[in-house]
Amino acid sequence: MSAIFEPISPNEALIMDTIMDENDQQENMKMQDDESLRKEKLIGSDRGSSDGVQAENELEPEVQEPKLYIICPGRSDLELSEPFTSTPKDCLFTLKEASRYKLKFSFTVSNNVVTGLKYINTTWKSGVRVDKSQVMLGTFSPRKEPYVYELEEDVTPSGVFARGLYTARTQTSKSCGYISNSLVNDFSIDETDKEITTQVPIEVKTSTWNWRGYSIRYQYCGSSGPALVLVHGFGANSDHWRKNLPVLAQSHRVFSIDLIGYGYSEKPNPCELGVDSFYTFETWGCQLNDFCKDVVGDKAFFICNSIGGLVGLQAAILEPQLCRGILLLNISLRMLHITKQPWFGRPLIKAFQRLLRNTELGKYFFKSVATPESVKNILCQCYYDTSQVTDELVQAILLPGLEPGAVDVFLEFICYSAGPLPEELLPQVKCPVLVAWGDKDPWEPIELGRAYGKFDTVEDFVVLPNVGHCPQDEAPHLVNPLVESFVARHANIEN
């Protein structure tokens, strides 16, 4: 399966497998021989020639104006010209399963003869390489008229496991290096007979829900398919799923919720509620289940990041009939939990927590981190690809944290060192669980996270290469198809 390409950043390139295998190396040696032969011929023909002609022959060949066409019988051709662009929010195009198609591309050559021109395509689904193909195009001399090359006709895969979103990397190389090295974020294979076209982004709507007298913000989109509820992590909110909502809504009903105390949901002061701890996984688990009953109106798949993973697990244990499956993205290990501290340090930890909660020191600490500079620095710590830490992201995280009551919630939770651990909750869950982990997470080391893949309830442990703590936002091109495939496997299974 091949696709259109867009410029690839160094960090994006790191997520892809090495494409040079033993056969590639043999072909590279042949291309180098061709290049050496070409240079020998040029040197021989240049003897006695003028300095101007010799300088011209020494120019590097250039392959320019590349265009790529996807051709399907009975449909209009899709033409793309460089730069090939797509966005993490949109599916670039859709092909019908088991349909015939072929690729055609054109280009011009200038300055000199280009030898060993080769086309390479690698395709991934849910972060797993599913296809790799390469074609030797040959040697081409300079001319103004474009060269046109058609690949052999192929057939898209079929079946329920073939459907969903794909990521592709397309390269064009010559004997002395790459001409283009490009990535398409999302294209899909679908069971319906659709035209090859860019899908129109689905509008994401915002609403509020009254839960136990408190106003709760949530976002939603999509009108059909299984229900998904996206659950954010500590200090975040439903905007942290902005790159996932419109993509997943193409074939699902998708909801993202601001847990009470976060985002633009109400933030009651726990000291005024007359309870020891209000912001707990039990509270949020109950909120999530009530949300499914009152707003979603159906059981749902929980897609959770960081501490949101414990919320999803707790909810699934409290009311298992409401949860169809859970996908955990870098679930919090809860390394600050009291049971994970040495016995001799526990009294000191409790004393420090009381100091933060009951004196001005805690508010001073919160004020120091609730600034654009501090938020950006914190995000750059947990995002491996720091180019994804944009001003938009910083504002999405920061602004709700400036709402009245945010400081009390912050201090309450950082002092919350009790409650359940993931290893305690996982054995109690009755629904399927998939664990995915960005392997560059500095806060939740993957070496410790791998232990969760050994639980009987966990069907698989998926490594997300070169991704940090928040994969859904840093690498949506990996997470979205992973969600699609997980839901597709279990959508017809009754819990």
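# Close-up views of a predicted protein model

View 1. Helices (H or I, at least four residues) and strands (E, at least two) are DSSP runs, numbered from the N terminus. The buried residues of H5 include Phe 281, Thr 283, Trp 284, Gln 287 and Leu 288; buried means under 20% relative accessible area, exposed over 50%, and partly exposed in between (1.4 Å probe, protein chains only). This is a predicted model, in which local features need pLDDT of at least 70, side-chain atom pairs count only at pLDDT 80 or more, and totals for chains, interfaces and linings use all residues. Residues are numbered from 1 along each chain as its sequence is written, and side-chain values use heavy atoms, with hydrogens and water left out.

**View 2. Ile 260 in its loop.** Ile 260 lies in the loop between strand S14 (253–257) and helix H5 (281–296). Ile 260 counts as buried because its relative accessibility is 0%. Leaving aside neighbours within four places in sequence, Ile 260 is in contact (heavy atoms within 4.5 Å) with residues including Trp 211, Tyr 214, Ile 216, Phe 278, Thr 283 and Trp 284. Tyr 279 is another residue in contact with Ile 260; the C-alpha atoms of these two, 19 residues apart along the chain, are separated by 8.0 Å.

**View 3. Aromatic rings.** A search of the whole structure finds 16 aromatic pairs. Rings of Phe, Tyr and Trp (its six-membered ring) pair if their centres lie within 6.5 Å; planes under 30 degrees apart count as stacked, over 60 as edge-to-face and the rest as tilted. Trp 437 and Tyr 452 form a tilted pair, 6.3 Å centre to centre with 45° between the planes. Trp 437 lies in strand S17 (residues 433–438) and Tyr 452 in the loop between helix H13 (446–449) and strand S18 (458–464), so the pair ties together parts that are 15 residues apart in sequence. Trp 437 is buried, at 0% relative accessible area, and Tyr 452 also counts as buried, at 4%. Tyr 452 forms a tilted pair with Phe 455 as well, at 6.4 Å centre to centre and 40° between the planes. Elsewhere, ring pairs link Tyr 214, Phe 234, Tyr 262, Phe 278, Tyr 279, Phe 281 and Trp 284 into a cluster.

View 4. The whole structure has 0 disulfides, a disulfide being a pair of cysteine sulfur atoms within 2.5 Å. The sulfur of Cys 382 is 4.4 Å from the closest cysteine sulfur, in Cys 470, which is too far for a bond. Cys 382 is buried, with a relative accessible area of 2%, and Cys 470 is buried, with 5%.

**View 5. Helix H10.** Helix H10 covers residues 391–398, and its buried residues are Leu 393, Val 394, Ala 396, Ile 397 and Leu 398. These buried residues pack against helix H9 (372–382) and helix H14 (471–474).

**View 6. The whole protein.** The secondary structure comes to 15 helices and 18 strands. Of the 495 residues, 53% count as buried. Among contacts between residues at least 6 apart in sequence, 76% join residues at least 24 apart.
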